[in-house]
Amino acid sequence: MLRQRWPTYLQKITRQSSTLSLSHEQQALLESQKHLERGRLTIVSGLEGSGKSTCGAAILKTTELNTLALSPRWIDNSMQRYVEDAMPIGFLDKSHLQMMSLGEWCEDFRRQYASSANERLLSPAEARVFIYQHIDEIPRASFRGFKSKPMLQNAVSDTLRCFQELERQGIAPDEYALYIQTNLVDPESTKLTAKQFTDKLTAHTNLCEAYSAYRELLKKYHVNTRHGVVLDALELAREHPYYLHSALEHIQKIVIDDAEHLTPAMMRVILTCIMDTSPEHEFLAFENKFGANSIEWPNFVRQFKLEWNHNFHPNIEIYKVASQILSDNQKSSSNDVVEMFESATLHDEVAHVVKLITEEKNAEKRVLVLTADPSTVQLVINQLHQSDICAASLEHKELFKIPIVRSGLSLLMALASPSDSLHLFSLLQATQNSQIDTTVLAKIMEDTTSRHINLIDALATAATESEGIELFLTLFNRLQKESMMLSCAELVQLYFTETGELNKLMEPESEADAESSMALAAFLRHVIEAQNVVRSPYVPFVAPYLQQLQSTGRHYLPRDLSALKSNDVLVASLKNSIPEQIEVDSVFFMNMHDNAFPGRARRGIGSGILPTELFLSKEKPNTRLEHLTKSRNQLFHHIQRATSRIVFSKVHDKPWHLLPWAHDAKSIENVKQETQQEPISTMPTSGTFELHHLSFTQIDEFVRCPHRYYLSRVLKLEQKPTASMVYGRSLHEGIAVWSQYSKESTAREKALEAFELSWTSGCFRSKLEEKALFSMGQDALNSFISHEENAQKDIITVEESFEFEVPEADISFQGVWDRIERMPNGDIYIVEFKSNLANVARDNQKLAEESLQLKLYMLAYYRLHGIRPTGAILRSLEDQHGLNAPGIIQATDDTDTEALAAVVNTSKAIRARSFDPKPSYLGCAFCSFADVCNNNST
Ligand code: SF4
């Protein structure tokens, strides 16, 4: 194995460690950096793999100038990794070189000049709990007028997202207040009606006051957030420039790597350094030319720009494949390193990928599998394990779902309220070494319910007959007695020591034990932090805080990268963040179809009241085109992780247009019916079905026929696109693009282009039908645009994704509002467009009244904004826009109740696996699974 990997690693190590192997361009830059040129900013931009970080590391290695090397990332900093790999131990301790993340520098700067030494950093979930703890001190209107707990939860989440964005942008409360005082004074200049102006002013004033109170509270309690640290450093540097001078006094050169990842607040810090100290320092920035950050470097410093186009990837063929993906004009790839295959079903796809991985493993190669659909990760891992191949998941694991953590939290909750049977029951259930028979436990629980007694009393009665229960009760009673003498962390440790679990975890022998060990350590850290936050180590105070922490956000188990690196097959979803240092021989991309990848663009935060005029760069509208560019960059990045082989796989007939050339790749292999559609053996058929989110489409599918839902969402069988789906999707895409660019002269052109781009062939009965529908769609879009151009509507948002928690069903609900409009009188309406394929008269009013989707989307707005929308409008799209009058409904308590009931009932039925078929002549006739369903009634 070592021999096989050696050439690649040798090249890499040689590249990193020797300045002799640098290219001509890199050598030139290295030479130029040996001499200090004060006041100059050099920007080196290039694609990933063009040697920027390597050259940066070489500069740091050879420089004799006092240098500060900064990176926007707190972890996974590529230049630091290169320096550490290539330099002798202790090199970084040399006094002339400081290397850290920009966040760490900001922390240091504040620690030195603003005495922020004892400040604790809050995670987003902890920040949310912090808001709850101080909710009465934050004057946010939506925190006061809520009618239910979920409404408050949504108000807190939404407000926190606003605060986070203001911090990320580097906007301090004072700057925000000044903006309101100077920019929101004259309704005339804003082109708003008097009511709209008053609404905007009120919304901004309230958000600004709440933000100001929140920042003050963070200071008062010596806590901060990651973005907040940078914001505070920025404020300090601006208020006291001499502090900044003093902090940078001994520095001659500042090198910034991965500059494309600088947040706007970080960019402001760098710009302040440049403005205040540019005559004394030299700046060098490396940035990816297709990076995530759209902020331009300002012109007020002397700039010297270099663009590097070469690439150091050890396999030039792989680099060619990767760079073709970035090109607009993607040519056909005739390349030996890339393969593409199709399977009949997902099960075939998984089986075939596992077969190919087995071959790779036999050749002692390292493999990375990236799935477009996150649910495929576990399927692949299970199948690999069944084939005796060690594979690890790179997916984030939720800390509070790991049994040892559930057990620890239940213990503290049960000690805090022993009469609450629920916590005691979860403790008994989650404790691994419990000697209590689960059937005995179930019987006791049944008794407690039928006889209305507490579980603790029922356990006391049962203890005479069960040694396991007696032991458990003795331990629990002992802990209860000591609960006001021992801290929570001590109680948890004592419990796991007595149950024997701690011993096992101290020296883990299996991967599962190692994971539990890490999880317990992470949980104990949370417990100790909670003790500090509530200023008491005792259970009655700490347990409620921990429970709130668990219920208000996600906490992930820290990843053990060294353990992951030793695994030869790693599996992750494309949506996950994958550590930079993972390099492999082969990369497999699975489930590559349009819906999964690139999928739909995620939208920004939904409140719509942020002072975007203050943002360093106006965030670009999140168009489909921009999303596609980001998706291509993502593919480019992951392809370059491989050194010998790239495999794309998809399910037959599922369209994937991102790489048109992939269909011409040399080794297309059609793998059909390989496993005869046998369900994957690891797919559970009993027990509760795991369901985390719902959408209107899912509910609609389930209500029409639960078996159809089962075939599509549980078995994940192929769902063929229909003519009406293609027609509707293309029209929606065209409308979304037009709405984004409606103020521009090329809006219509762009919309028609988007319509054409999203059109897919292959599902029409004939070419003639496709041509007729394509032309009708273009007419409908043109007619819609002509109508809208003269309509003068106040469109608040277009194609905005939303997600909100429905605690009543313990689920999150996701969807996309086609549009939200504000009427001249200030009324807010949710607008849904429905294509009218038949192009005939239609009763939109009746359709609107019957539409569950409109009711769900109104409820979503209510829960996310805390204000009920006035109503919803259904507009149909015909080739003569306006042929049918829109349907309009009002939002009421009844519409909310109906929507909520649909979510609750559907999630309950899906979890209970109620997937019985509901055949009907019309339903089956239009069902995509009619070919494979035995219950088809047609
Ligand atoms: S064919 Fe009919 S019964 Fe079968 S899944 Fe489709 S709608 Fe349900």
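Trainee: How many aromatic pairs does a search of the whole structure find?

Mentor: The search turns up 27 aromatic pairs. Keep in mind that this is a predicted model.

Trainee: Let's take Phe109 and Tyr113. What makes that aromatic pair tilted?

Mentor: Look at the distance and the angle. The ring centres of Phe109 and Tyr113 are 5.5 Å apart, with 50° between the planes.

Trainee: Where do Phe109 and Tyr113 lie?

Mentor: Both are in helix H5 (residues 102-114), 4 residues apart, which is about one turn of the helix. Phe109 and Tyr113 are both buried, too. They also belong to one aromatic cluster together with Trp105, Tyr242 and Tyr243.

Trainee: Why is the pair of Tyr495 and Phe496 called edge-to-face?

Mentor: Their ring centres are 5.5 Å apart and their planes meet at 70°. Planes over 60 degrees apart count as edge-to-face, so that's the name this pair gets.

Trainee: And how do you know that Tyr495 is buried?

Mentor: Tyr495 has a relative accessible area of 1%. Buried means under 20%, so Tyr495 qualifies. Phe496 is buried as well, with a relative accessible area of 1%.

Trainee: Then why is Ala351 called partly exposed?

Mentor: Ala351 comes out at 21%. Buried would need a value under 20% and exposed one over 50%, so Ala351 falls in between. Ala351 sits in helix H15 (residues 346-362). Its C-alpha atom is 9.8 Å from that of Leu379, 28 residues away along the chain.

Trainee: What makes H13 a mostly covered helix?

Mentor: Of the 14 residues in H13, 12 are buried. Among them are Pro264, Met266, Arg268, Ile270 and Thr277. Helix H13 (residues 264-277) reaches 20 Å from its first C-alpha to its last, close to the 20 Å expected at 1.5 Å a residue.

Trainee: Which residues have the most contacts inside the largest nonpolar core?

Mentor: Those are Leu412, Leu459, Phe472, Leu520 and Phe523, in a core of 54 residues. Helix H17 (residues 403-416) supplies the largest share of this core, 8 residues. Setting aside neighbours within four places in sequence, Leu412 is in contact with residues including Cys488, Val492, Phe523 and Leu546. A second, separate core has 39 residues, including Ala848, Leu856, Leu859 and Ala899.

Trainee: Which residues surround the ligand?

Mentor: The ligand has Cys705, Arg708, Pro919, Cys924, Cys927, Ala930, Cys933, Asn935 and Asn936 around it. By class, that shell has 6 nonpolar, 2 polar and 1 charged residues. Arg counts as charged, so Arg708 goes in the charged class.

Trainee: What about the protein chain as a whole?

Mentor: The protein chain has 36 helices and 21 strands. Of its 938 residues, 52% count as buried. Among contacts with a separation of 6 or more, 78% are between residues 24 or more positions apart.

Terms used. Residues are numbered from 1 along each chain as its sequence is written. This is a predicted model: local features need pLDDT of at least 70, side-chain atom pairs count only at pLDDT 80 or more; totals for chains, interfaces and linings use all residues. Side-chain values use heavy atoms; hydrogens and water are left out. A residue is near a molecule or strand if one of its heavy atoms lies within 4 Å of it. Rings of Phe, Tyr and Trp (its six-membered ring) pair if their centres lie within 6.5 Å; planes under 30 degrees apart count as stacked, over 60 as edge-to-face and the rest as tilted. Helices (H or I, at least four residues) and strands (E, at least two) are DSSP runs, numbered from the N terminus. Buried means under 20% relative accessible area, exposed over 50%, partly exposed in between (1.4 Å probe, protein chains only). A nonpolar core is a set of buried Ala, Val, Leu, Ile, Met, Phe, Trp, Tyr and Cys residues joined through side-chain atoms within 4.5 Å. Contact means heavy atoms within 4.5 Å. The expected span of a helix is 1.5 Å times one less than its number of residues.
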